[in-house]
Amino acid sequence: MQILQIISSARGAESFSTQLSQGIIDKLLAAHPGSTVVVRDLAKHPFPHLEEAHLQAYFTPAEGRSPEQQAAVRHSDEAIAEVMASDVLVIGSPFYNFTIPSSLKAWLDHLTRANITFRYTPTGPEGLITGKKVYVALASGGIYSEGPMQPYDFAAPYLRWMLGFLGMRDVTVARAEGVKLPEFQATAVQKGLAGITA
Ligand SMILES: Cc1cc2nc3c(=O)[nH]c(=O)nc-3n(C[C@H](O)[C@H](O)[C@H](O)COP(=O)(O)O)c2cc1C
């Protein structure tokens with residue numbers, strides 16, 4: 001089994017979303033010995049925001065692309081190839097300002113390509129990244145799985161929708177939540193891992 005780990009926190013080993021991701025990967029490796037892990041660290045190697053060159057390249061057939069357009073499409077091609085080659089994705093995401101960090105959004109923007117990772121059909125959109133299992137490891141300072149802040153979680157619903165749009169409908173969200181609350185911090189990662197079966 002090939003596991004793709006997406007890191008989007010810049011906090012290295014201190015990161016709760018990365019610790020939770022690692023816990024999920026440890027469970028996967030225990031259940032599926034011999035699996036390989038490919039790490040894509042979006043904090044160390046950020047994907048650029050979509051600029052004019054990217055958009056032009058996307059809508060120019062490969063054989064007609066200029067050298068600049070060929071370079072512009074490289075990030076997207078790499079992201080797509082990595083996802084397509086994997087069986088399982090473990091996406092670590094901090095909760096920033098009620099949603100995902102822009103580093104992860106930029107990666108999703110490069111992954112989302114008409115007629116490659118999704119297409120429109122007469123009956124509606126169809127995601128073309130199929131057969132994947134996805135775990136999202138979400139770390140937040142507050143509590144969003146229940147209680148008064150639940151309606152303001154624009155991270156998990158967005159990721160579920162976006163991944164599903166691309167064809168990845170088997171999504172499990174694990175949360176290390178309340179990490180800024182003293183009574184929750186110490187156990188947040190363990191609690192997030194408790195419900196995960198590999
Ligand atoms: C720029 C920034 C914005 C944040 N926004 C929120 C927020 O809206 N809600 C929340 O509960 N926590 C928020 N936090 C706290 C983080 O979600 C928390 O520190 C989490 O552990 C970050 O993930 P990481 O440990 O993987 O880096 C924010 C932190 C930062 C640095």
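Predicted model: local features only at pLDDT ≥ 70, side-chain atom pairs only at ≥ 80, totals over all residues.
Residues are numbered from 1 along each chain as its sequence is written, and side-chain values use heavy atoms, with hydrogens and water left out.

**The annotated span**

- UniProt, in an unreviewed entry, lists residues 1–194 as "domain: Flavodoxin-like fold"; its positions are given here in the numbering used for this model, feature names are shortened, and annotations may be inferred rather than shown by experiment.
- Residues 1–194 are 37% helix and 22% strand, and the end C-alpha atoms of this span lie 23 Å apart.
- Helices (H or I, at least four residues) and strands (E, at least two) are DSSP runs, numbered from the N terminus.

**The largest pocket**

- The largest pocket holds about 270 Å³ of space.
- Among the 14 residues that line it, Arg11, Phe16, Tyr96, Val179 and Lys180 are the closest to the centre of the largest pocket.
- A pocket is found on a 1 Å grid over the protein atoms alone, as an open set of points where a 1.4 Å probe fits, with protein on both sides within 12 Å along at least five of seven lines; lining residues have an atom within 4 Å of a point.
- Grid points are joined across faces, edges and corners, and a volume is the space filled by probe spheres set on the points.
- By residue type, the lining of the largest pocket has six nonpolar, six polar and two charged residues.
- Here Ala, Val, Leu, Ile, Met, Phe, Trp, Tyr, Cys and Pro count as nonpolar, Asp, Glu, Lys and Arg as charged, and the others, Gly among them, as polar.

**The binding-site annotation and Phe16**

- The UniProt annotation "binding site", from an unreviewed entry, covers Ser9, Ser15, Phe16 and Ser17.
- Ser9, Ser15, Phe16 and Ser17 are included in the lining of the largest pocket.
- Phenylalanine 16 counts as buried because its relative accessible area is 18% (buried means under 20%, exposed over 50%, and partly exposed in between, with a 1.4 Å probe and protein chains only).
- Phenylalanine 16 and serine 93 are 77 residues apart in sequence and 9.0 Å apart in space, C-alpha to C-alpha.

**The second largest pocket**

- The second largest pocket has a volume of about 150 Å³.
- Its lining includes Leu50, Tyr58, Arg65, Asp109 and Ile116.
- This second lining divides into six nonpolar residues, one polar and three charged.

**Aromatic rings**

- Seven aromatic pairs are present in the structure; rings of Phe, Tyr and Trp (its six-membered ring) pair if their centres lie within 6.5 Å, and planes under 30 degrees apart count as stacked, over 60 as edge-to-face and the rest as tilted.
- One of these pairs joins phenylalanine 95 and phenylalanine 98 edge-to-face, at 6.4 Å centre to centre and 85 degrees between the planes.
- Phenylalanine 95 is buried at 11% relative accessibility, whereas phenylalanine 98 is partly exposed at 37%.
- Phe118, Tyr120, Trp161 and Phe165 form one aromatic cluster.
- The charged end of lysine 133 sits over the ring of tyrosine 135, 4.9 Å from its centre (the test asks for NZ of Lys or CZ of Arg within 6 Å of the ring centre and within 35 degrees of the ring normal).

**Loops to look at**

- Most residues other than glycine have a negative phi.
- Asparagine 97 has a positive phi of about 50 degrees; this residue lies in the loop between β3 (88–94) and α5 (102–111) and is exposed, at 72% relative accessible area.
- Asparagine 115 also has a positive phi, of about 70 degrees; asparagine 115 lies in the loop between α5 and β4 (118–121) and is exposed at 62%.
- Threonine 99 is in the loop between β3 and α5, and its C-alpha is 6.6 Å from that of aspartate 153, 54 residues apart in sequence.
- Methionine 168, in the loop between α6 (156–165) and β7 (170–177), is buried, with a relative accessible area of 0%.
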